[in-house]
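Morning, everyone. Let me put the structure up, and then I'll walk you through the parts I found worth a slide.

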Amino acid sequence: MPTTTAAAPVPVNVPELSIFDPVYLGIDESGMPVEVRLIYRNMLIAGEPGGGKSSLLNVIAAHGALSTDCRLCLFDGKQVELGQWEACADVFVGPDLALAIATVRRLQIVMDNRYRHLRWRLRRKIRRNDNFSPILILIDELAYFTATVGDKKLREDFASLVRDLVARGRAVGIIVVAATQRPSSDIIPTSLRDLFAYRAAFRCTTDSSSDIILGHGWANRGYTANTISPTNHGCNLLLAEGGVPHLMKTGWMDDDTCTRIAAHAAQTRAAARQERQAAQAPKPKLDLVAA
Ligand SMILES: Nc1ncnc2c1ncn2[C@@H]1O[C@H](COP(=O)(O)OP(=O)(O)O)[C@@H](O)[C@H]1O
Ligand SMILES: [Mg+2]
């Protein structure tokens with residue numbers, strides 16, 4: 001008889017995390033965890049280079065990758081910021097504006113089909129365990145696709161498609177988290193900024209840049225990312241719907257940590273996919289003659 005009891009294997013179809021759960025982002029000034037629910041929401045992340053925007057995107061990517069009830073769609077003109085999560089993603093878009101536009105067009109079609117389905121089912125929004133999964137779209141350096149690369153008309157097309165996803169995608173589980181290092185009104189017009197329920201302002205060089213991210217008037221009320229020290233990487237003012245900006249520091253994952261989480265998540269996702277496919281495969285017919 002064995003003298004030790006082996007630990008029961010964890011069933012692969014149990015998601016370790018869910019995109020419907022609060023997403024851990026970091027800690028606040030008193031060391032308390034800062035968590036936000038991303039489902040039915042969008043998030044804008046902006047500030048000077050080196051502030052910690054891509055690192056925050058990685059924290060969110062980790063939660064999305066570990067959530068087998070969520071699909072990932074990654075846009076990263078630099079390729080190395082979100083590249084670690086490629087194996088967990090349905091689509092990874094590097095410095096390719098044509099692919100970026102084709103991808104957001106597909107997402108728009110998915111969004112419209114999902115609304116058609118909800119309408120047919122007389123429902124208003126996606127639910128946990130629904131028959132379609134939320135899609136987490138992470139865009140690093142939004143301005144690369146909307147203001148830097150390629151033809152102006154194509155950049156405008158991309159910007160207006162993203163705006164449509166941000167404006168209409170929430171109820172069908174399309175979540176956009178976009179980061180940009182250029183907090184200027186041409187990159188983040190007020191009409192677009194106001195569509196983001198969550199806004200994270202990393203270090204800015206002026207009060208007006210901070211206001212472009214958080215909303216007009218916050219700097220006058222004492223909430224400005226201009227006061228964040230350039231050496232305080234990861235520190236930002238996080239504004240959630242209806243609240244006041246909250247000073248916080250995002251969690252930090254080094255390359256090795258990201259690689260290990262991504263490898264584990266990719267394995268879990270592949271196993272979950274296989275289980276789903278097996279559940280959908282046609283059942284063998286009963287052979288009544290042989291019986
Ligand atoms: N939460 C954090 N804690 C500690 N250091 C951080 C944190 N976030 C970022 N850093 C440091 O700051 C550097 C720049 O971060 P990054 O996310 O690339 O900034 P950005 O995308 O705003 O340019 C990282 O390479 C890392 O060394
Ligand atoms: Mg970055």
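So, Tyr144: it is partly exposed, with a relative accessible area of 22%. For that scale, buried means under 20% relative accessible area, exposed means over 50%, and partly exposed is in between, using a 1.4 Å probe and protein chains only. Before I go on, the housekeeping: this is a predicted model, where local features need pLDDT of at least 70 and side-chain atom pairs count only at pLDDT 80 or more, while totals for chains, interfaces and linings use all residues. Residues are numbered from 1 along each chain as its sequence is written, chains are lettered from A and ligands numbered from 1 in the order in which they are written, and side-chain values use heavy atoms, with hydrogens and water left out.

Back to the rings. Phe145 is buried, at a relative accessible area of 0%. How are the rings of Tyr144 and Phe145 arranged? Their centres are 5.1 Å apart and their planes sit at 85°, so that pair is edge-to-face. The rule here takes rings of Phe, Tyr and Trp (its six-membered ring) and pairs them if their centres lie within 6.5 Å; planes under 30 degrees apart are stacked, over 60 edge-to-face, and the rest tilted.

In total the structure holds six aromatic pairs. Another of them joins Phe75 and Phe145, edge-to-face, at 6.1 Å centre to centre with 85° between the planes. Phe75 lies in strand S4, residues 71–76, and Phe145 in helix H3, residues 142–148, so this pair ties together parts that are 70 residues apart in sequence. Helices (H or I, at least four residues) and strands (E, at least two) are DSSP runs, by the way, numbered from the N terminus. Phe75 is buried too, with a relative accessible area of 0%. And Phe75, Tyr144, Phe145 and Phe158 together form one aromatic cluster.

The charged end of Lys125 sits over the ring of Tyr40, 4.3 Å from its centre. The criterion is NZ of Lys or CZ of Arg within 6 Å of the ring centre and within 35 degrees of the ring normal. Where is Tyr40? In the loop between strand S2 (33–37) and S3, and at 18% relative accessibility Tyr40 counts as buried.

Check the backbone there as well. Tyr40 has a phi near 65°, a positive value in a residue other than glycine. Most residues other than glycine have a negative phi. Gln79 is in the loop between S4 and strand S5 (91–93), and at 42% relative accessibility it counts as partly exposed.

Lys125 also turns up around Asp130. Leaving aside neighbours within four places in sequence, Asp130 is in contact with Arg123 and Lys125, where contact means heavy atoms within 4.5 Å. The Asp130 side chain makes a polar contact of 2.5 Å with the side chain of Arg123. A polar contact is a pair of N or O atoms within 3.5 Å; within protein, one must be able to donate a hydrogen and the other to accept it, and residues adjacent in sequence count only if both atoms are side-chain atoms. Asp130 itself is in the loop between helix H2 (97–120) and strand S6 (135–140).

Now Phe196. Is it buried or exposed? Buried, at 2% relative accessibility. Phe196 is in the loop between helix H5 (190–193) and strand S8 (198–201). Not counting residues up to four places away in sequence, Phe196 touches Asn42, Met43, Leu44, Val166, Val176 and Ala178.

Last, the annotations. UniProt, in an unreviewed entry, places a "binding site" at Gly47, Glu48, Pro49, Gly50, Gly51, Gly52, Lys53 and Ser54. From this set, Pro49, Gly50, Gly51, Gly52, Lys53 and Ser54 are in the lining of the second largest pocket. A pocket, on a 1 Å grid over the protein atoms alone, is an open set of points with protein on both sides within 12 Å along at least five of seven lines, and lining residues have an atom within 4 Å of a point. Pro49 is in the loop between strand S3 (43–46) and helix H1 (53–66), and is partly exposed at 45%. Gly50 is in the loop between S3 and H1 and is exposed, at 52%.

UniProt also lists "domain: FtsK", again from an unreviewed entry, for residues 20–211. UniProt positions are in the numbering used here, feature names are shortened, and annotations may be inferred rather than shown by experiment. That span is 37% helix and 22% strand, with its end C-alpha atoms 30 Å apart.

Terms used. 1 Å grid on protein atoms, 1.4 Å probe; cavity = no way out; pocket = protein on both sides within 12 Å on 5 of 7 lines; lining within 4 Å.
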